[in-house]
Amino acid sequence: MEVKARAPGKIILAGEHAVVHGSTAVAAAIDLYTYVTLRFPLQAAAENNDRLTLQLKDLSLEFSWSVSRLKEVIPFDSNTSSPSTPASCSGETLKSIAVLVEEQNIPEEKIWLSSGISTFLWLYTSIRGFNPATVIITTELPYGSGLGSSAAFCVALTSALIASSISDKTRGEGWCSLDETNLELLNKWAFEGEKIIHGKPSGIDNTVSAYGNMIKFCSGEITRLQSNMPLRMLITNTKVGRNTKALVSGVSERTLRHPDAMKSVFNAVDSISKELAAIIQSKDEVSVTEKEESIKELMEINQGLLQSMGVSHSSIDTVIRTTLKHKLTSKLTGAGGGGCVLTLLPTVVSGTVVDKAVEELESYGFQCFTASIGGNGAEICF
Amino acid sequence: MEVKARAPGKIILAGEHAVVHGSTAVAAAIDLYTYVTLRLPLQSAAENNDRLTLQLKDLSLEFSWSVARLKEVIPFDSNTSTPASCSGDTLKSIAVLVEEQNIPEEKIWLSSGISTFLWLYTSIRGFNPATVIITTELPYGSGLGSSAAFCVALTSALIASSISDKTHREGWCSLDETNLELLNKWAFEGEKIIHGKPSGIDNTVSAYGNMIKFCSGEITRLQSNMPLRMLITNTKVGRNTKALVSGVSERTVRHPYAMKSVFNAVDSISKELAAIIQSKDEVSVTEKEESIKELMEINQGLLQSMGVSHSSIDTVIRTTLKHKLTSKLTGAGGGGCVLTLLPTVVSGTVVDKAVEELESYGFQCFTASIGGNGAEICF
């Protein structure tokens, strides 16, 4: 039997970095997905009847464990662990799981996959126990570029795992979302998974991936937003790696040195996020083009403020400069220092203009995607 | 007899644009000068005995009026020993005299400067013949205060010519406090003719030198306690200052809260900058320069938020950044000049490389000492 799930990546529309200092941020789902196929063996089948296999198709990598090996190593505690009550993975359990991951001999240059594979093992065994299966992952999201690929992985995986236990399989053809109760469960599990990969995640990524649409985030409080306008972006991956921790602490250090100026910078970002959230949700008789003009301007102001924080980068500036030549406004998204840049594509922009911009950006070695913003969240398919 | 005067240009170190919305700004004199030579004819000399001549040496232009013609047109008010604004009528009359000079079409922007010259000259020295020669190291209209330096240098020379005690030291020396005050007031009136509603920053910095802090009309002179050197890059991109200023205002109308915070951030930057510059703490110059560098970077980001940067400015910033130098636009933006801090520890080679790269884009580079002398005269 087979269950499929998909979960979207995310972008930060406004508020990155400042959000760490108490400002509001706005994040949105993008229609670039991570797909998970969960294949269970039939009872009688001999092949793979006792193994748990993980296939990362895009990387042409496969990892496999015998179910008995998993039982040996991963502690099963029926008191704390049940599929319907998400709990954090303890340090002990994580150490045990790490052993299982090490046994797989991951290629040196892909060693960053370790935490993701640990997360896989823990989420799988927590929700489906020690049952054999083959799990196939593919993704449209570039890794480590700020587009929420790890959260999409956790959400898609958890969706498939939850879906496999849903008895009522008489759903419609094609993709459909989970109900509110299951979404809540899903989000909690995915958040626990994110903790293994990221340590102290904010919860924004998994919430956006699970629920879709957009969210407003401020001091730990997440508010789901109902977007009332279509929004399209060009997303440019500069492919410049960066140390997110270093960028975040850089901003904190600057704040220590210049507290008054930086406080005002963060206040400005807070205002921008709030205004953006209001525009997106607005049911006013304002034309889409007018709303887009406002969003454009807010993006420009936010970008200047991110530059004040010191998190831009020459590659980001190149993208901004290039799109500006075509009268398009851009803003880095996420940690900065490289990573991805968003360019608003107004409804009135011509395809030719976009093509020219993309051509120029690609000539620098950047990777471009166009994406619809604020679409569906996690979905399953039987 | 000859009197010389020189007055420095200026840069805005922090606060441009935001200052219009109530934030503090810091401006400083730079050691690039406008020079005025005032040559008075001897009583008996026949030549030029009845003419007022203005020579703009850098532009190879000369303008000349007979003193009689000046008397015909410009109303004589004997009460103008105290600086007063040039009335609309007087300005119209003066404009006639300027038009008669047939200024070349492409130099028509000189008109207001020549009007200012006629008015300042006749207000301070009356209808007396002379030849006034102007040269300058400051590029026009690039935000470095060339018009204020012109007004200040001219007024200095005019005031100096009436000083009876000429037994001054050799070389350049400043005027006393009373004359400086008089000078600054006259120069401000001159600036009004050229700019309409100037803030007064430019002429004050040019007259007094050093640095000033400016907030909501209040000017505070600062005493700098550290040397400061900048690379000034003129992108040579012209811009419409009025349009840039109103662009910021319009953005503020559309996004009042965000922009208010942007202006608050700039205010904090200017105040911190002024404190660092004046600080007598036991902090090393290098540490102070690191702080100033960072404040410049934050200010530049905020100016970008205001929407007043420009691709040429970004090119300068990007280029200097490659050499680990921090830059910030100065003045109106949209082109114009960019400041790059040159720390005391930076090597000449690094600066030369940066300048070479900048000049390859067609930009014009000067290195300047910041916060030096104000107006000075020389007999």
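Select Thr236(A) and look across to strand 12 of chain A: opposite Thr236(A) stands Cys368(A). You are looking at a predicted model, in which local features need pLDDT of at least 70 and side-chain atom pairs count only at pLDDT 80 or more, while totals for chains, interfaces and linings use all residues. Residues are numbered from 1 along each chain as its sequence is written, chains are lettered from A and ligands numbered from 1 in the order in which they are written, and side-chain values use heavy atoms, with hydrogens and water left out.

**The sheet in chain A**

Next, select strand 9 (residues 232-237) of chain A together with strand 12 of chain A; 6 bridges pair them in the antiparallel sense. Helices (H or I, at least four residues) and strands (E, at least two) are DSSP runs, numbered from the N terminus. Two strands pair if DSSP finds at least two bridges between them.

Now widen the selection to the whole open sheet: 4 strands of chain A in the order 10-11-9-12, with antiparallel pairing. Which strands are at the edges? They are strand 10 (330-333) and strand 12 (367-372) of chain A, each pairing on one side only. From one strand to the next, the twist averages 30°.

Axes are lines fitted to C-alpha atoms, for helices over the stretch in contact, and angles run from 0 to 180 degrees between N-to-C directions.

**Over to chain B**

Chain B has an open sheet of 4 strands in the order 10-11-9-12, with antiparallel pairing. Strand 10 (327-330) and strand 12 (364-369) of chain B stand at the edges with a single partner strand each, so one side of each has no neighbour in the sheet. Strand 9 (residues 229-234) of chain B is joined to strand 12 of chain B by 6 bridges. Pick out Thr233(B), whose bridge partner in strand 12 of chain B is Cys365(B).

Helix 10 (residues 311-322) of chain B packs on this sheet, touching strand 9, strand 10 and strand 11 (337-341) of chain B. Contact means heavy atoms within 4.5 Å.

**Two helix pairs in chain B**

Select helix 2 (residues 88-99) and helix 3 (residues 111-125) of chain B, which pack at about 115° with axes 9 Å apart. That makes helix 2 of chain B roughly perpendicular to helix 3 of chain B. Angles under 35 degrees count as roughly parallel, over 145 as roughly antiparallel, 65 to 115 as roughly perpendicular and the rest as oblique. Among the residues making the contact are Leu91(B) of helix 2 and Trp119(B) of helix 3 of chain B.

Finish at helix 7 (residues 241-254) and helix 8 (residues 256-278) of chain B, packed at about 125° with axes 6 Å apart. Helix 7 and helix 8 of chain B are therefore oblique to each other. Show Val248(B), Arg251(B), Thr252(B), Val253(B) and Arg254(B) in helix 7 of chain B, which meet Pro256(B), Met259(B) and Phe263(B) in helix 8 of chain B.
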